[in-house]
Amino acid sequence: MPADKKRTPAAEKTPRQRALEMLDRRDYSRAELQRKLVEKGVGELEAESAVEYLVGLGFVNDLRYAELIVRQYAAKGCGARRVREELYRRGIDRNTMDAAMETMPEQDEALEKLLRQKLRGSFDRADIKRATDSLLRKGYNYEEIASALRRLREEADE
C-alpha cells in the first residue's frame, strides 16, 4: 500500500473521520449517525459534536434523508403508516417527517396494483382477508384498502 494511502487505525481516528467514513458508505439521519458513533466507542458529547459539525457542512441533512426513505418505501409499495414507522425508527423528528411525507406519491394506483396481485381475480372472503392482512402489514389503512377493493369490484362488474 502506498505511503500516502496508509489506513489510520480505528483507535486513532477522530469522531469526525469515523462519521465521514460511515457517510461514505450510506446516508444516515442525525440520530442514527450519533447512535452508531456511540456504539463504536465514541463518547456521547464527541459524537454529538462530530454530527453537528457535519450537519453544518451539509453532509447530514435529515429532510433530504427522510425524502429518500419516503421514495424508497413508496417504490416498494408501502403505505404511509409503514413509511412513518420507518422514519421514526431512523430517528427523524416529527416536523421533518411531516415535510418528507408531503413528497410521498399518491398510493391509489400502487394499492390497486398490489390488491390485484393478491386477489388474482378472486373476490372470495378468504382471499380478501389474506390480501387485506398483507396490505395492512405494508402500512395501508382499512379505509384505503376498502376503497381500492370497492373500485376493483366495480371494475370487475363492468
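Predicted model: local features only at pLDDT ≥ 70, side-chain atom pairs only at ≥ 80, totals over all residues.
Residues are numbered from 1 along each chain as its sequence is written, and side-chain values use heavy atoms, without hydrogens and water. Local features need pLDDT of at least 70 and side-chain atom pairs pLDDT 80 or more, while totals for chains, interfaces and linings use all residues.

**View 1. Glu86 in helix α5.** Glu86 lies in helix α5, residues 80–89 (helices are DSSP runs of H or I with at least four residues, numbered from the N terminus). Glu86 has a relative accessible area of 2% and is therefore buried (under 20%, with a 1.4 Å probe and protein chains only). Its side chain makes a polar contact with the side chain of Arg90 at 2.6 Å (a pair of N or O atoms within 3.5 Å, one able to donate a hydrogen and the other to accept it). Beyond its neighbours within four places in sequence, Glu86 is in contact with Ile69 and Tyr73 (heavy atoms within 4.5 Å).

**View 2. Helix α4 against α5.** Helix α4, residues 62–75, packs with α5 at an angle of about 140 degrees, the axes being 10 Å apart (axes are lines fitted to C-alpha atoms over the stretch in contact, and angles run from 0 to 180 degrees between N-to-C directions). On the α4 side are Ala66, Ile69, Val70 and Tyr73, which meet Arg82, Val83, Glu86 and Leu87 of α5.

**View 3. Helix α7 against α8.** Helix α7 (residues 108–119) and helix α8 (residues 125–137) pack at about 135 degrees, with axes 9 Å apart. Leu111, Leu114, Leu115, Lys118 and Leu119 of α7 make the contact with Asp127, Ile128, Arg130, Ala131, Ser134 and Leu135 of α8.

Definitions and conventions: Helix = DSSP H or I, 4+ residues; strand = E, 2+ residues; numbered from the N terminus. Buried < 20%, exposed > 50% of the residue type's maximum accessible area, 1.4 Å probe, protein only.
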